[in-house]
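Trainee: Could you show me how to read a model like this one, feature by feature?

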Amino acid sequence: MTAPQPLIAGNWKMNGLAASLDEARAVAAGVAGSAARVAICPPATLIHRMSEALAGTTVLVGGQDGHAEASGAFTGDVAAEQLADAGAKLVILGHSERRAGYRETDALVAAKVKAALRAGLEPIVCVGETIDERKAGRALEVVTGQVRGSLPAELAGTTFSVAYEPVWAIGTGLTPTTPEIEEVHRAIRATLVEKFGEAGKSVPILYGGSVKPANAAEILHADEVGGALVGGASLKAADFLGIIRAL
Ligand code: PGA
């Protein structure tokens with residue numbers, strides 16, 4: 001099995017103004033020698049400027065969502081092609097804040113993944129159970145169902161990652177125990193292998209949800225954890241670098 005190169009991606013969500021580009025520059029200056037691929041996904045308004053600010057560095061820029069259509073009458077939306085045109089190389093899709101707040105279904109996420117591939121973007125596809133689903137003993141069923149439904153067959157032979165983000169761990173300071181993370185990541189791995197055969201073994205499975213410098217080493221070294229998707233702690237370069245260096 002080919003060990004996937006870890007990916008550590010920062011999800012800035014709806015945070016960041018032009019002045020925040022200094023944080024991105026500080027991340028780029030501090031990542032030299034890291035074993036991980038590092039990405040920052042700022043709001044769409046900053047993608048172009050961040051791509052220019054980070055040109056010539058190893059830090060990649062990504063989007064946080066992308067419409068399934070390439071263009072058209074979709075007021076307020078941004079197409080995958082437009083993200084790529086602005087300098088994005090990756091895109092987060094199916095984040096729970098989109099699934100919950102915008103009623104995104106697995107089928108819509110799969111359509112957005114196809115659009116990302118059409119535009120040459122590397123998708124980071126998010127899955128994760130709610131606290132009620134976990135309490136009902138349904139975490140594995142929900143997560144593997146999302147993996148099956150959100151990953152189109154077109155991903156075969158492409159570079160992409162899956163991010164396991166328990167909804168109840170996002171922005172709450174709560175994290176699953178290491179055995180709980182490993183249990184879900186192993187189930188995701190088995191589903192990836194079922195779907196993509198041998199190639200499913202080299203897809204990085206990121207963990208996301210309250211990753212901080214203090215818990216990063218334990219999480220990043222857990223079985224089947226191939227990196228992290230970091231929200232709040234990616235907004236400050238010092239914290240994000242602390243996570244990257246924990247690898
Ligand atoms: P958090 O967010 O690190 O702030 O919990 C993670 C995410 O939503 O991707």
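**Reading a predicted fold**

Trainee: What covers the buried residues of α7?

Mentor: The cover includes α4 (96-101), α5 (106-118), β5 (122-127), α6 (131-135), β6 (161-164) and α8 (178-196). Helices (H or I, at least four residues) and strands (E, at least two) are DSSP runs, numbered from the N terminus. Buried means under 20% relative accessible area, exposed over 50%, and partly exposed in between (1.4 Å probe, protein chains only).

Trainee: Before we go on, what kind of model is this?

Mentor: It's a predicted model, where local features need pLDDT of at least 70 and side-chain atom pairs count only at pLDDT 80 or more, while totals for chains, interfaces and linings use all residues. Residues are numbered from 1 along each chain as its sequence is written, and side-chain values use heavy atoms, with hydrogens and water left out.

Trainee: Okay, back to α7. Which of its residues are buried?

Mentor: Ala139, Val142, Val143, Thr144, Gln146, Val147 and Ser150.

Trainee: And how do I check the length of that helix?

Mentor: Take 1.5 Å times one less than its number of residues as the expected span. The twelve residues of α7 (139-150) should span 16 Å, and the end C-alpha atoms are 16 Å apart, which agrees.

Trainee: Let's zoom out. How many helices and strands does the protein chain have?

Mentor: Ten helices and eight strands. A compact globule of 247 residues would come out near 18 Å, and the protein chain has 17 Å, which agrees. The C-alpha atoms fill a box of roughly 45 × 45 × 35 Å along the principal axes, and 52% of the 247 residues count as buried.

Trainee: What about contacts between parts of the chain that are apart in sequence?

Mentor: Contact means heavy atoms within 4.5 Å. Among contacts between residues at least 6 apart in sequence, 72% join residues at least 24 apart.

Trainee: Can we try that on a strand residue? Where is Gly10 found?

Mentor: In strand β1 (residues 7-11). Gly10 is buried, because its relative accessible area is 0%. Leaving aside neighbours within four places in sequence, Gly10 is in contact with Ala39, Ile40, Cys41, Val230, Ser234 and Phe240.

Trainee: Then a helix residue, say Val193. Which residues does Val193 touch?

Mentor: Gly200 and Lys201, not counting residues up to four places away in sequence. Val193 sits in α8 and is partly exposed, since its relative accessible area is 28%.

Trainee: Is Ser210 buried or exposed?

Mentor: Buried, since its relative accessible area is 9%. Ser210 lies in the loop between β7 (205-208) and α9 (213-220).

Notes: The radius of gyration is taken over C-alpha atoms; the globule rule is 2.2 Å times the number of residues to the power 0.38.
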